[in-house]
Amino acid sequence: MASLRHALIRSFLIKRGPDETTKRLLTLSSALNSELRQKQIDLLSKYPGGCVDLEKNDKTGIAVLTLNNPTKKNALTGSMMIDFEKRVEDLESWEKGRGVIFKGSGNTFCSGADLNVARAVGEGKDSGHPSLMSSFMQNITSRFFNLPLITVALVEGAALGGGAELVTCCDFRVVSSSANIGFVQARMGLSPGWGGGVRLVNLLGRLKALQLLSSASIIKGFEAQEIGLADEIFGEFDDSLETATSFLTNYTKFAPDVIKAMKRVVINASRSDMQSVETLNTKETQIFQSLCGGLANLEALNKKSKF
Ligand SMILES: CCCC(=O)SCCNC(=O)CCNC(=O)[C@H](O)C(C)(C)COP(=O)(O)OP(=O)(O)OC[C@H]1O[C@@H](n2cnc3c(N)ncnc32)[C@H](O)[C@@H]1OP(=O)(O)O
(Lines give C-alpha, C1' and ligand atoms only; values in the text may rest on other atoms or scores of the structure.)
Protein backbone atom coordinates (compact mmCIF):
# COMPACT_ATOMS: atom_id res chain seq x y z
CA MET A 1 0.00 0.00 0.00
CA ALA A 2 2.75 2.49 0.99
CA SER A 3 4.88 1.72 -2.08
CA LEU A 4 1.86 2.16 -4.39
CA ARG A 5 1.16 5.48 -2.71
CA HIS A 6 4.75 6.62 -3.19
CA ALA A 7 4.83 5.57 -6.85
CA LEU A 8 1.61 7.47 -7.59
CA ILE A 9 2.80 10.53 -5.70
CA ARG A 10 6.11 10.53 -7.62
CA SER A 11 4.30 10.28 -10.96
CA PHE A 12 2.09 13.27 -10.01
CA LEU A 13 5.09 15.31 -8.93
CA ILE A 14 6.75 14.75 -12.28
CA LYS A 15 3.67 15.58 -14.38
CA ARG A 16 2.14 18.60 -12.60
CA GLY A 17 3.07 22.08 -11.37
CA PRO A 18 3.30 22.65 -7.59
CA ASP A 19 -0.24 23.97 -6.86
CA GLU A 20 -2.00 21.52 -9.05
CA THR A 21 0.18 18.80 -7.54
CA THR A 22 -0.84 19.65 -3.97
CA LYS A 23 -4.54 19.55 -4.87
CA ARG A 24 -4.20 16.27 -6.72
CA LEU A 25 -2.16 14.75 -3.89
CA LEU A 26 -4.85 15.61 -1.36
CA THR A 27 -7.54 14.05 -3.58
CA LEU A 28 -5.40 11.00 -4.15
CA SER A 29 -4.59 10.59 -0.46
CA SER A 30 -8.26 10.85 0.50
CA ALA A 31 -9.23 8.31 -2.22
CA LEU A 32 -6.59 5.89 -0.94
CA ASN A 33 -7.77 6.39 2.65
CA SER A 34 -11.40 5.71 1.82
CA GLU A 35 -10.40 2.64 -0.20
CA LEU A 36 -8.38 1.38 2.81
CA ARG A 37 -11.28 2.11 5.16
CA GLN A 38 -13.75 0.23 2.98
CA LYS A 39 -11.44 -2.79 2.94
CA GLN A 40 -11.16 -2.66 6.75
CA ILE A 41 -14.93 -2.45 7.24
CA ASP A 42 -15.56 -5.24 4.70
CA LEU A 43 -13.10 -7.48 6.56
CA LEU A 44 -14.18 -6.73 10.14
CA SER A 45 -17.92 -6.87 9.51
CA LYS A 46 -17.51 -10.56 8.53
CA TYR A 47 -16.91 -11.39 12.23
CA PRO A 48 -19.94 -10.36 14.31
CA GLY A 49 -20.73 -10.85 18.01
CA GLY A 50 -20.80 -8.79 21.17
CA CYS A 51 -21.00 -5.00 21.26
CA VAL A 52 -19.40 -1.92 22.80
CA ASP A 53 -21.77 0.11 24.97
CA LEU A 54 -21.53 3.75 25.94
CA GLU A 55 -23.45 5.38 28.78
CA LYS A 56 -22.96 9.13 29.02
CA ASN A 57 -24.05 11.11 32.06
CA ASP A 58 -24.45 14.76 31.08
CA LYS A 59 -24.79 15.82 34.74
CA THR A 60 -21.49 14.39 35.96
CA GLY A 61 -19.75 14.53 32.58
CA ILE A 62 -18.58 10.97 33.17
CA ALA A 63 -19.21 8.22 30.63
CA VAL A 64 -18.80 4.47 30.99
CA LEU A 65 -17.58 2.60 27.91
CA THR A 66 -18.10 -1.18 28.23
CA LEU A 67 -16.72 -4.03 26.11
CA ASN A 68 -19.61 -6.43 26.09
CA ASN A 69 -18.96 -10.00 24.98
CA PRO A 70 -19.23 -11.84 28.32
CA THR A 71 -19.38 -15.41 26.96
CA LYS A 72 -15.88 -14.88 25.52
CA LYS A 73 -14.43 -12.81 28.38
CA ASN A 74 -15.03 -9.68 26.27
CA ALA A 75 -12.82 -10.83 23.41
CA LEU A 76 -13.03 -8.29 20.57
CA THR A 77 -14.88 -9.46 17.47
CA GLY A 78 -14.72 -7.58 14.15
CA SER A 79 -18.10 -5.91 14.69
CA MET A 80 -16.98 -4.80 18.17
CA MET A 81 -14.00 -3.04 16.60
CA ILE A 82 -16.39 -1.15 14.32
CA ASP A 83 -18.66 -0.41 17.30
CA PHE A 84 -15.68 0.86 19.29
CA GLU A 85 -14.97 3.42 16.55
CA LYS A 86 -18.58 4.70 16.65
CA ARG A 87 -18.40 5.16 20.43
CA VAL A 88 -15.10 7.04 20.13
CA GLU A 89 -16.69 9.31 17.51
CA ASP A 90 -19.55 10.00 19.92
CA LEU A 91 -17.09 10.83 22.74
CA GLU A 92 -15.05 13.13 20.49
CA SER A 93 -18.02 15.46 20.12
CA TRP A 94 -19.46 15.18 23.66
CA GLU A 95 -19.78 18.78 24.80
CA LYS A 96 -20.64 18.05 28.42
CA GLY A 97 -18.02 15.34 28.79
CA ARG A 98 -15.21 15.41 31.34
CA GLY A 99 -14.07 11.81 31.71
CA VAL A 100 -14.52 8.20 30.62
CA ILE A 101 -14.23 4.90 32.47
CA PHE A 102 -13.27 2.10 30.06
CA LYS A 103 -14.17 -1.37 31.34
CA GLY A 104 -15.33 -4.84 30.39
CA SER A 105 -18.60 -6.53 31.28
CA GLY A 106 -18.87 -9.17 34.01
CA ASN A 107 -15.81 -8.31 36.10
CA THR A 108 -13.24 -8.93 33.42
CA PHE A 109 -11.58 -6.43 31.11
CA CYS A 110 -10.80 -8.11 27.78
CA SER A 111 -9.23 -11.41 26.69
CA GLY A 112 -7.82 -9.82 23.51
CA ALA A 113 -8.84 -10.42 19.94
CA ASP A 114 -11.52 -13.06 19.46
CA LEU A 115 -9.40 -16.10 18.63
CA ASN A 116 -11.66 -16.93 15.66
CA VAL A 117 -10.99 -13.46 14.26
CA ALA A 118 -7.26 -13.77 15.01
CA ARG A 119 -7.18 -17.06 13.11
CA ALA A 120 -9.18 -15.76 10.13
CA VAL A 121 -7.07 -12.60 9.91
CA GLY A 122 -3.88 -14.71 10.00
CA GLU A 123 -5.23 -16.95 7.27
CA GLY A 124 -5.78 -13.85 5.13
CA LYS A 125 -2.14 -12.85 5.51
CA ASP A 126 -1.50 -12.85 1.75
CA SER A 127 -4.36 -10.38 1.27
CA GLY A 128 -2.92 -8.07 3.94
CA HIS A 129 -5.65 -8.80 6.51
CA PRO A 130 -3.38 -8.55 9.59
CA SER A 131 -2.33 -5.09 8.47
CA LEU A 132 -5.95 -4.04 7.79
CA MET A 133 -7.04 -5.04 11.32
CA SER A 134 -3.94 -3.59 12.92
CA SER A 135 -4.18 -0.17 11.24
CA PHE A 136 -7.92 0.03 12.03
CA MET A 137 -7.34 -0.70 15.73
CA GLN A 138 -4.34 1.63 15.93
CA ASN A 139 -6.43 4.45 14.51
CA ILE A 140 -9.26 3.98 17.04
CA THR A 141 -6.99 3.48 20.04
CA SER A 142 -4.98 6.59 19.07
CA ARG A 143 -8.19 8.59 18.77
CA PHE A 144 -9.33 7.29 22.16
CA PHE A 145 -5.91 8.12 23.65
CA ASN A 146 -6.23 11.68 22.31
CA LEU A 147 -9.81 12.35 23.42
CA PRO A 148 -10.20 15.73 25.13
CA LEU A 149 -11.46 13.81 28.20
CA ILE A 150 -9.72 12.19 31.15
CA THR A 151 -9.76 8.43 30.61
CA VAL A 152 -9.41 5.61 33.13
CA ALA A 153 -9.15 1.89 32.39
CA LEU A 154 -10.96 -0.14 35.04
CA VAL A 155 -9.08 -3.45 34.94
CA GLU A 156 -10.50 -6.57 36.56
CA GLY A 157 -9.97 -10.22 35.63
CA ALA A 158 -8.13 -10.75 32.36
CA ALA A 159 -6.47 -8.09 30.23
CA LEU A 160 -4.56 -10.25 27.79
CA GLY A 161 -2.97 -9.73 24.38
CA GLY A 162 -4.94 -7.02 22.60
CA GLY A 163 -6.81 -6.55 25.91
CA ALA A 164 -3.54 -5.45 27.57
CA GLU A 165 -2.94 -3.10 24.62
CA LEU A 166 -6.33 -1.48 25.27
CA VAL A 167 -5.31 -0.87 28.89
CA THR A 168 -2.55 1.43 27.57
CA CYS A 169 -4.88 3.69 25.59
CA CYS A 170 -6.19 5.38 28.77
CA ASP A 171 -4.61 8.21 30.76
CA PHE A 172 -4.88 6.22 34.03
CA ARG A 173 -5.39 2.63 35.15
CA VAL A 174 -7.35 1.52 38.23
CA VAL A 175 -6.63 -2.17 38.69
CA SER A 176 -7.96 -5.02 40.82
CA SER A 177 -5.31 -6.67 43.00
CA SER A 178 -6.30 -10.00 41.42
CA ALA A 179 -6.32 -8.79 37.79
CA ASN A 180 -4.21 -10.67 35.25
CA ILE A 181 -2.50 -8.29 32.85
CA GLY A 182 -0.40 -9.92 30.16
CA PHE A 183 1.13 -8.80 26.91
CA VAL A 184 0.95 -12.46 25.87
CA GLN A 185 1.34 -11.81 22.16
CA ALA A 186 4.69 -13.67 22.05
CA ARG A 187 2.98 -16.81 23.40
CA MET A 188 0.60 -16.48 20.44
CA GLY A 189 3.48 -16.11 17.98
CA LEU A 190 2.49 -12.46 17.55
CA SER A 191 3.70 -8.96 18.38
CA PRO A 192 1.50 -6.04 19.51
CA GLY A 193 -0.64 -4.76 16.67
CA TRP A 194 -3.15 -2.37 18.21
CA GLY A 195 -0.72 0.46 18.98
CA GLY A 196 0.05 -1.07 22.40
CA GLY A 197 3.76 -1.57 21.73
CA VAL A 198 4.37 2.13 21.05
CA ARG A 199 2.19 3.24 23.97
CA LEU A 200 3.75 0.74 26.40
CA VAL A 201 7.27 2.02 25.67
CA ASN A 202 6.07 5.61 26.11
CA LEU A 203 4.36 4.68 29.37
CA LEU A 204 6.94 2.45 31.08
CA GLY A 205 10.17 3.11 29.21
CA ARG A 206 12.16 0.84 26.95
CA LEU A 207 13.43 -1.71 29.51
CA LYS A 208 10.19 -2.47 31.36
CA ALA A 209 8.27 -2.63 28.08
CA LEU A 210 10.81 -5.07 26.68
CA GLN A 211 10.61 -7.20 29.84
CA LEU A 212 6.81 -7.43 29.64
CA LEU A 213 6.67 -8.06 25.89
CA SER A 214 9.51 -10.55 25.56
CA SER A 215 8.65 -12.57 28.70
CA ALA A 216 4.89 -12.44 27.93
CA SER A 217 4.47 -12.73 31.70
CA ILE A 218 1.10 -12.19 33.31
CA ILE A 219 1.21 -9.77 36.23
CA LYS A 220 -1.20 -9.01 39.07
CA GLY A 221 -2.37 -5.60 40.24
CA PHE A 222 0.39 -4.83 42.76
CA GLU A 223 3.15 -5.75 40.34
CA ALA A 224 1.49 -3.54 37.74
CA GLN A 225 1.51 -0.72 40.30
CA GLU A 226 5.18 -1.31 41.12
CA ILE A 227 6.26 -0.90 37.49
CA GLY A 228 3.99 2.11 36.90
CA LEU A 229 1.31 0.37 34.86
CA ALA A 230 -1.39 0.74 37.55
CA ASP A 231 -2.23 4.07 39.22
CA GLU A 232 -4.55 2.68 41.89
CA ILE A 233 -5.30 -0.79 43.22
CA PHE A 234 -8.53 -2.07 44.72
CA GLY A 235 -9.37 -5.26 46.60
CA GLU A 236 -11.91 -7.98 46.03
CA PHE A 237 -14.47 -6.46 48.42
CA ASP A 238 -14.37 -2.97 46.87
CA ASP A 239 -17.02 -1.84 44.41
CA SER A 240 -14.94 -1.57 41.24
CA LEU A 241 -17.01 1.02 39.38
CA GLU A 242 -17.33 3.16 42.50
CA THR A 243 -13.55 3.00 43.00
CA ALA A 244 -12.85 4.01 39.40
CA THR A 245 -15.46 6.79 39.53
CA SER A 246 -14.04 8.18 42.74
CA PHE A 247 -10.50 8.05 41.28
CA LEU A 248 -11.65 9.83 38.10
CA THR A 249 -13.53 12.49 40.05
CA ASN A 250 -10.19 13.81 41.35
CA TYR A 251 -9.54 14.99 37.81
CA THR A 252 -13.02 15.98 36.63
CA LYS A 253 -14.09 18.52 39.27
CA PHE A 254 -13.95 21.56 37.00
CA ALA A 255 -16.13 22.68 34.08
CA PRO A 256 -15.97 20.52 30.93
CA ASP A 257 -14.26 23.33 28.96
CA VAL A 258 -11.55 23.62 31.61
CA ILE A 259 -10.95 19.87 31.84
CA LYS A 260 -10.82 19.61 28.04
CA ALA A 261 -8.37 22.52 27.90
CA MET A 262 -6.07 20.74 30.36
CA LYS A 263 -6.15 17.55 28.36
CA ARG A 264 -5.51 19.53 25.16
CA VAL A 265 -2.54 21.26 26.79
CA VAL A 266 -1.03 17.88 27.56
CA ILE A 267 -1.81 16.52 24.09
CA ASN A 268 -0.33 19.64 22.52
CA ALA A 269 2.82 19.36 24.61
CA SER A 270 3.30 15.85 23.30
CA ARG A 271 2.42 16.78 19.71
CA SER A 272 5.88 16.00 18.37
CA ASP A 273 5.49 12.55 19.96
CA MET A 274 2.08 12.20 18.31
CA GLN A 275 3.49 12.82 14.84
CA SER A 276 6.13 10.20 15.30
CA VAL A 277 3.56 7.83 16.82
CA GLU A 278 1.88 7.60 13.39
CA THR A 279 5.14 6.55 11.77
CA LEU A 280 5.95 4.20 14.64
CA ASN A 281 2.49 2.62 14.43
CA THR A 282 3.00 1.94 10.72
CA LYS A 283 6.17 0.07 11.60
CA GLU A 284 4.39 -1.80 14.41
CA THR A 285 1.77 -2.90 11.86
CA GLN A 286 4.49 -4.14 9.49
CA ILE A 287 6.07 -6.22 12.27
CA PHE A 288 2.64 -7.57 13.29
CA GLN A 289 1.82 -8.43 9.65
CA SER A 290 5.13 -10.32 9.36
CA LEU A 291 4.22 -12.63 12.29
CA CYS A 292 0.43 -12.92 12.05
CA GLY A 293 -0.56 -16.10 10.20
CA GLY A 294 3.04 -17.35 10.35
CA LEU A 295 4.14 -20.75 11.65
CA ALA A 296 4.48 -19.82 15.34
CA ASN A 297 1.12 -18.05 15.31
CA LEU A 298 -0.73 -20.92 13.63
CA GLU A 299 0.88 -23.45 15.99
CA ALA A 300 -0.18 -21.37 19.00
CA LEU A 301 -3.74 -21.06 17.68
CA ASN A 302 -3.93 -24.81 17.02
CA LYS A 303 -2.81 -25.89 20.48
CA LYS A 304 -4.45 -22.99 22.26
CA SER A 305 -6.13 -23.68 25.56
CA LYS A 306 -5.99 -20.84 28.07
CA PHE A 307 -3.41 -18.75 29.92
C1 LIG B 1 -3.37 -8.14 18.41
C2 LIG B 1 -4.29 -9.05 19.17
C3 LIG B 1 -3.61 -10.26 19.74
C4 LIG B 1 -4.53 -11.05 20.65
O5 LIG B 1 -5.25 -10.47 21.41
S6 LIG B 1 -4.52 -12.75 20.54
C7 LIG B 1 -5.64 -13.27 21.83
C8 LIG B 1 -4.92 -13.41 23.16
N9 LIG B 1 -5.81 -13.85 24.16
C10 LIG B 1 -6.00 -15.15 24.48
O11 LIG B 1 -5.43 -16.03 23.85
C12 LIG B 1 -6.96 -15.41 25.62
C13 LIG B 1 -7.34 -16.85 25.70
N14 LIG B 1 -8.22 -17.06 26.84
C15 LIG B 1 -7.79 -17.41 28.06
O16 LIG B 1 -6.61 -17.53 28.32
C17 LIG B 1 -8.84 -17.64 29.11
O18 LIG B 1 -10.07 -17.91 28.46
C19 LIG B 1 -9.01 -16.46 30.10
C20 LIG B 1 -9.25 -15.15 29.36
C21 LIG B 1 -7.79 -16.36 31.02
C22 LIG B 1 -10.27 -16.70 30.98
O23 LIG B 1 -10.16 -17.95 31.63
P24 LIG B 1 -11.42 -18.54 32.43
O25 LIG B 1 -11.91 -17.48 33.38
O26 LIG B 1 -11.02 -19.84 33.01
O27 LIG B 1 -12.58 -18.70 31.35
P28 LIG B 1 -12.63 -19.69 30.10
O29 LIG B 1 -11.26 -19.98 29.59
O30 LIG B 1 -13.49 -20.83 30.42
O31 LIG B 1 -13.33 -18.73 29.00
C32 LIG B 1 -14.71 -18.58 28.92
C33 LIG B 1 -15.08 -18.70 27.46
O34 LIG B 1 -14.48 -17.58 26.77
C35 LIG B 1 -13.78 -18.06 25.63
N36 LIG B 1 -12.67 -17.14 25.33
C37 LIG B 1 -11.81 -16.60 26.21
N38 LIG B 1 -10.95 -15.80 25.57
C39 LIG B 1 -11.30 -15.83 24.26
C40 LIG B 1 -10.79 -15.21 23.10
N41 LIG B 1 -9.75 -14.34 23.16
N42 LIG B 1 -11.39 -15.45 21.93
C43 LIG B 1 -12.44 -16.29 21.86
N44 LIG B 1 -12.97 -16.93 22.92
C45 LIG B 1 -12.39 -16.69 24.11
C46 LIG B 1 -13.29 -19.44 26.07
O47 LIG B 1 -12.94 -20.22 24.96
C48 LIG B 1 -14.51 -19.95 26.81
O49 LIG B 1 -15.45 -20.37 25.86
P50 LIG B 1 -16.36 -21.68 26.15
O51 LIG B 1 -17.18 -21.32 27.36
O52 LIG B 1 -15.43 -22.79 26.42
O53 LIG B 1 -17.18 -21.85 24.90
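In which helix is Gln38 found? I started my notebook there: Gln38 is in helix H2, residues 18-44, where helices are DSSP runs of H or I with at least four residues, strands are E runs of at least two, and both are numbered from the N terminus.

**Ground rules**

I am working with a predicted model, in which local features need pLDDT of at least 70 and side-chain atom pairs count only at pLDDT 80 or more, while totals for chains, interfaces and linings use all residues. Residues are numbered from 1 along each chain as its sequence is written, and side-chain values use heavy atoms, with hydrogens and water left out.

**Entry 1: Gln38**

I looked up the cover on Gln38 and found it partly exposed, at 44% relative accessible area. My scale is this: buried is under 20% relative accessible area, exposed is over 50%, and partly exposed is in between, with a 1.4 Å probe and protein chains only. I then checked Gln38 against Leu67: they are 29 residues apart in sequence, and their C-alpha atoms are 24 Å apart.

**Entry 2: positive phi**

Next I went through some backbone angles. Lys73 is not a glycine, yet its phi is positive, about 55°. I found Lys73 in the loop between strand S2 (62-68) and helix H3 (78-92), and it is exposed at 52% relative accessible area.

Asn107 is another non-glycine with a positive phi, about 60°. Its loop runs between strand S3 (99-104) and helix H4 (115-123), and Asn107 counts as exposed at 55% relative accessibility.

I also noted Gly205, which follows H7 and has a positive phi near 95°. Helix H7 itself spans residues 196-204, and its buried residues are Gly196, Gly197, Val198, Arg199, Leu200 and Leu204.

**Entry 3: two buried residues**

Leu229 sits in the loop between helix H9 (221-226) and strand S9 (232-234). I have it down as buried, with 1% relative accessible area. Leu229 and Leu203 are 26 residues apart in sequence, with C-alpha atoms 7.6 Å apart.

Val121 belongs to helix H4 and counts as buried at 1% relative accessibility. From Val121 to Leu132 I count 11 residues in sequence and 8.9 Å in space, C-alpha to C-alpha.

**Entry 4: the ligand**

Which residues come nearest to the ligand? Of the 21 around it, they are Ser111, Ala113, Gly162, Lys306 and Phe307; a residue is taken as near if one of its heavy atoms lies within 4 Å. By class I have 10 nonpolar, 5 polar and 6 charged residues in the shell. Here Ala, Val, Leu, Ile, Met, Phe, Trp, Tyr, Cys and Pro count as nonpolar, Asp, Glu, Lys and Arg as charged, and the others, Gly among them, as polar.

Then I listed pairs of N or O atoms between ligand and protein. A side-chain N or O atom of Lys306 is 2.8 Å from a ligand oxygen. Leu115 brings a backbone N or O atom to 2.9 Å from a ligand nitrogen, and a polar backbone atom of Thr71 is 3.1 Å from a ligand oxygen.

How much of the ligand does the protein bury? Alone, the ligand exposes 980 Å², and 69% of that is buried by the protein, by the Shrake-Rupley method with a 1.4 Å probe. Strand S5 (158-160) and helix H6 (162-167) are the elements that give two or more residues to the shell.

Note on methods:
Polar contact = N/O pair within 3.5 Å; in protein donor to acceptor, adjacent residues only side chain to side chain.
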